[in-house]
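Let's take a walk through this model together. Keep the sequence and the 3D view side by side, and we'll go from the overall picture down to single residues.

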Amino acid sequence: MGDILIVDDERDIRELISDILKDEGFTTRLAGTSDEAMAEMNSEPPSLMILDIWLKDSRMDGIDILKTVKRDNPDVPVIIISGHGNIEIAVAAIKQGAYDFIEKPFNIDQLMVVITRAMETSRLRRENSELRRKDVTTADMVGSSPAFRTLKSQLDKVTKSNGRVMLTGPAGAGKEIAARFIHANSDLAEGPFITVNSASIEPDRMEEVLFGRESTGRGIEPGLLEQAHGGLIYFDEIADMPLGTQSKILRVLTEQQFQRVGGADKVRVDLRVISSTTRNLSDEVEAGNFREELFHRLNVVPIDVPPLADRREDIPELAEHFIETFNKSQGLPLRSLSEEAIAMLQTMAWPGNVRQLKNVIERVLILGSEKGDIAAAEIPGEGRSEESDEGRVVLSGSLATLPLREARELFEREYLLTQINRFGGNISRTANFVGMERSALHRKLKSLNVVTSSRSGARVATIAEDAGEDA
């Protein structure tokens with residue numbers, strides 16, 4: 001049913017309480033001094049603590065133990081018992097976070113009622129916390145392209161350890177989703193997932209937000225590090241963290257403890273750290289903007305999250321996933337994508353990556369029809385070609401100024417680059433779509449100086465470096 005730690009300097013009382021609780025199906029541990037109590041607490045936090053206020057021959061009294069327990073293990077309910085009970089002691093205990101106060105000699109039935117309620121309250125708090133964590137951003141990894149499979153393979157490997165991970169890649173590529181996937185499939189999955197948005201926190205408030213604060217007027221206000229205890233803390237855009245805070249985070253990683261702003265006590269934390277950045281941190285170190293030692297401590301396992309341009313094969317699957325998600329979360333229409341819409345999405349420019357694709361799908365579902373397939377004309381964005389009222393393709397200004405031969409060559413090159421990348425570098429699928437024999441397509445690509453190379457685990461088409469010399 002639960003593990004209860006009983007702390008009382010009178011052996012007869014703690015053994016009496018233990019016998020009663022064992023009869024009710026609980027397991028118990030006993031401590032007669034503050035040192036014994038803290039040793040038991042540090043070895044394995046109990047489900048509940050019964051704590052005597054007055055402890056003979058101890059370094060700490062019950063209130064001191066209560067403060068320490070609520071600081072380091074805030075989820076453990078504490079019931080205070082005392083033979084010298086008065087209103088002042090009861091108020092002091094409740095202010096420090098005790099669940100309830102019972103005066104000796106206590107009624108056994110009363111004690112059992114308070115224990116049952118405290119355990120139930122603690123259970124509900126844990127369940128609510130878990131529900132809140134599950135209600136935020138999901139950890140669904142969607143895709144099947146070579147670049148995605150490479151990423152997924154790396155993420156699967158790091159879930160088996162508690163090593164620190166550095167996720168790199170452009171904005172919107174899905175770095176936080178990758179971090180949540182690691183957490184959801186790790187041994188710490190039941191613990192909290194706390195995000196630190198380094199770029200959005202004012203530099204002069206960073207330490208207060210991370211470490212929390214203590215003041216006589218407002219008491220203890222836990223920071224994000226304390227909230228992440230027993231789980232994972234995710235430093236988003238770690239390069240934006242102030243240099244002064246970087247040195248303190250380095251100390252936390254080394255010592256696993258810190259002080260709140262305005263406080264004197266050390267707060268112990270046990271957590272995993274994952275960081276992300278869109279910048280080259282080696283360059284930031286070289287420029288003096290990021291501490292080299294912190295970089296090496298965070299960059300134990302570097303993983304690159306590829307841009308959407310390197311995984312265009314995943315776009316139809318991602319779009320369908322977002323349509324289903326918006327249908328469940330917002331009640332938006334559950335529509336399918338037409339072949340033309342899929343082709344449009346796969347050939348568009350995506351500077352905002354997966355986040356931009358998600359926003360485009362949401363906009364289409366909100367503004368579009370309730371029924372029927374999503375047509376290409378419904379897809380917004382500057383990356384698609386425009387058509388005139390007569391159905392003619394409108395040329396860009398640069399293309400319209402070129403002679404026919406050069407314009408045709410430029411069009412063919414861009415068209416084939418787009419199609420090859422759309423099909424993940426697969427020449428056979430590209431040839432089938434554009435209506436050419438594979439051998440003829442190879443000859444055409446060679447004449448246009450288009451080559452394919454491996455990037456992020458996928459084949460990507462680019463223009464050969466010597467294209468300008470051959471043109």
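Residues 24 or more positions apart make up 69% of the protein's contacts with a separation of 6 or more, where contact means heavy atoms within 4.5 Å. Before going further, a word on what you're looking at: this is a predicted model, in which local features need pLDDT of at least 70 and side-chain atom pairs count only at pLDDT 80 or more, while totals for chains, interfaces and linings use all residues. Residues are numbered from 1 along each chain as its sequence is written, and side-chain values use heavy atoms, with hydrogens and water left out.

Of its 471 residues, 43% are buried, meaning under 20% relative accessible area with a 1.4 Å probe and protein chains only (exposed is over 50%, partly exposed in between).

Now find the open sheet of five strands, which runs S7-S10-S13-S6-S14 with parallel pairing; two strands pair if DSSP finds at least two bridges between them. Its edges are strand S7 (193–197) and strand S14 (301–304), each pairing on one side only. From one strand to the next, the twist averages 20°. Helix H6 (residues 146–158) packs on this sheet, touching strand S6 (165–168), S13 and S14, and its direction makes about 155° with that of S14. For angles like this one, axes are lines fitted to C-alpha atoms (for helices, over the stretch in contact), and the values run from 0 to 180 degrees between N-to-C directions.

Zoom in on S10. Strand S10 (residues 232–236) pairs with strand S13 (residues 272–277) in the parallel sense over four bridges, with Leu232 opposite Arg272 and Phe235 opposite Ser275. S10 also pairs with S7, again in the parallel sense, over five bridges, and here Ile233 is the bridge partner of Ile194. Five of the five residues of S10 are buried, so the strand is largely enclosed by the rest of the structure. Leu232, Tyr234 and Asp236 point one way, Ile233 and Phe235 the other.

Is Ser145 buried or exposed? It's buried, with a relative accessible area of 2%. Neighbours within four places in sequence aside, Ser145 is in contact with Arg311, Glu313 and Asp314.

Next comes helix H13 (residues 315–330): at 1.5 Å a residue, its 16 residues should span 22 Å, and its end C-alpha atoms are 21 Å apart, which agrees. (The expected span is 1.5 Å times one less than the number of residues.) The buried residues of H13, including Leu318, Phe322 and Phe326, pack against helix H14 (339–347) and helix H15 (353–367). After H13 you reach Gly331, whose phi is positive, near 75°.

H14 also leads us on to helix H17 (residues 404–422): their axes come within 9 Å and cross at roughly 105°. The two helices are therefore roughly perpendicular, the label for 65 to 115 degrees (under 35 is roughly parallel, over 145 roughly antiparallel, the rest oblique). Ala343, Gln346 and Thr347 in H14 meet Thr418, Gln419 and Arg422 in H17.
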